[in-house]
Amino acid sequence: MNEQNQLGQFIPLHYHHNMLLDPVRMGGFKTAIGQVVQPGSVVVELGGGTGVLSFFAAQKAKKVYYVEYNPELVEEARRILAGNENGERVELVHGDACTFTPPEPVGAVICEMLHVGFLREKQLEVISAFKRNYAARHEGPLPIFIPFATLQAVQPVHHPFDFHGYKATVPMFNDPGVENPDITPLGNPAVYHQVVYDQPFDLGISWRGSVPITAAGTVNALRFITKNLLSVEPKTQGITDWHNHYLILPLATPIPVQPGDALEIAFAYESGAPLSALQPHVALA
């Protein structure tokens with residue numbers, strides 16, 4: 001299997017099925033799509049998966065262009081949408097989201113090709129290409145993007161990496177909605193990257209910064225946080241958001257720390273790269 005297929009293009013079908021069971025993800029996107037999509041509008045979904053987000057949009061939009069590269073998912077979405085209300089409003093397009101341009105202006109673009117840290121999946125690459133292709137074909141402003149922005153942060157933590165007595169310092173993913181008693185925060189999260197999708201952005205991500213230590217312990221991992229801002233409620237200006245799973249990335253060398261210390265953290269990688277591309281350098285400042 002080549003790199004294109006490995007990195008975010010052919011996520012297994014059962015994984016997409018499991019996404020339907022995530023109440024935070026599903027509820028957040030349903031609310032955001034309901035707020036942004038206008039009655040009778042046209043919408044694009046890039047990386048359509050099982051079609052559920054296109055379905056949400058189709059309850060108000062007159063037409064939704066669903067774009068998906070994986071032919072197995074296209075057929076699965078076709079089967080599922082056929083049994084759902086307003087599923088006929090969704091036009092399924094088997095194609096590369098990086099090259100698709102809608103034949104008509106659209107009011108909103110949904111793109112959830114998101115992995116923590118912008119790793120593995122092609123969110124930034126796809127939206128960057130869409131903006132370029134859309135502007136070349138259609139006059140007027142860009143559509144509204146769902147999500148409209150993403151914030152990323154890093155936090156020093158301690159994790160035991162003990163699995164029934166088996167010591168294994170391996171990357172871990174944690175549900176942000178469930179408190180994990182195994183993780184001890186030793187400093188506050190530091191924002192290292194932010195993207196507003198209708199504004200210019202780079203595909204490379206790099207950061208060097210100092211993170212204050214707030215508790216005594218041993219930093220043996222970094223927690224990477226990816227918070228997606230899905231929409232803004234027009235009346236209250238309240239934000240609907242959704243977090244990717246936290247990435248707990250072990251350090252090669254644990255660092256004992258005390259309150260008042262600071263860690264110097266540096267890393268650089270390309271969005272969409274494999275998890276192994278994130279190799280932070282960490283030292284006491």
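The structure is a predicted model, in which local features need pLDDT of at least 70 and side-chain atom pairs count only at pLDDT 80 or more, whereas totals for chains, interfaces and linings use all residues. Residues are numbered from 1 along each chain as its sequence is written, and side-chain values use heavy atoms, with hydrogens and water left out.

Side chains of opposite charge can pair when their charged atoms come close. With a salt bridge defined as a side-chain nitrogen of Lys or Arg within 4 Å of a carboxyl oxygen of Asp or Glu, a search of the whole structure returns seven salt bridges.

One of the salt bridges joins the side chains of Lys63 and Glu91, with an N to O distance of 2.7 Å. Because Lys63 belongs to strand E2 (residues 63-68) and Glu91 to strand E3 (residues 90-94), this pair ties together parts that are 28 residues apart in sequence. Lys63 is partly exposed at 25% relative accessibility, and Glu91 is likewise classed as partly exposed, at 34%.

A salt bridge is also found between the side chains of Asp241 and Lys227, whose closest N and O atoms are 3.6 Å apart. Asp241 lies in strand E14 (residues 239-243) and Lys227 in strand E13 (residues 217-232), so the pair ties together parts that are 14 residues apart in sequence. The relative accessibility of Asp241 is 30%, which places this residue in the partly exposed class, and Lys227 is partly exposed with a relative accessible area of 28%.

Within helix H5 (residues 71-81), Glu76 and Arg79 are three residues apart, about one turn of the helix, and their side chains meet in a salt bridge with an N to O distance of 2.9 Å. Glu76 is buried, with a relative accessible area of 13%, while Arg79 counts as exposed at 55% relative accessibility.

When residues up to four places away in sequence are not counted, His115 touches Arg120, Glu121, Phe173 and Asn244, contact meaning heavy atoms within 4.5 Å.

Note on methods
Helices (H or I, at least four residues) and strands (E, at least two) are DSSP runs, numbered from the N terminus. Buried means under 20% relative accessible area, exposed over 50%, partly exposed in between (1.4 Å probe, protein chains only).
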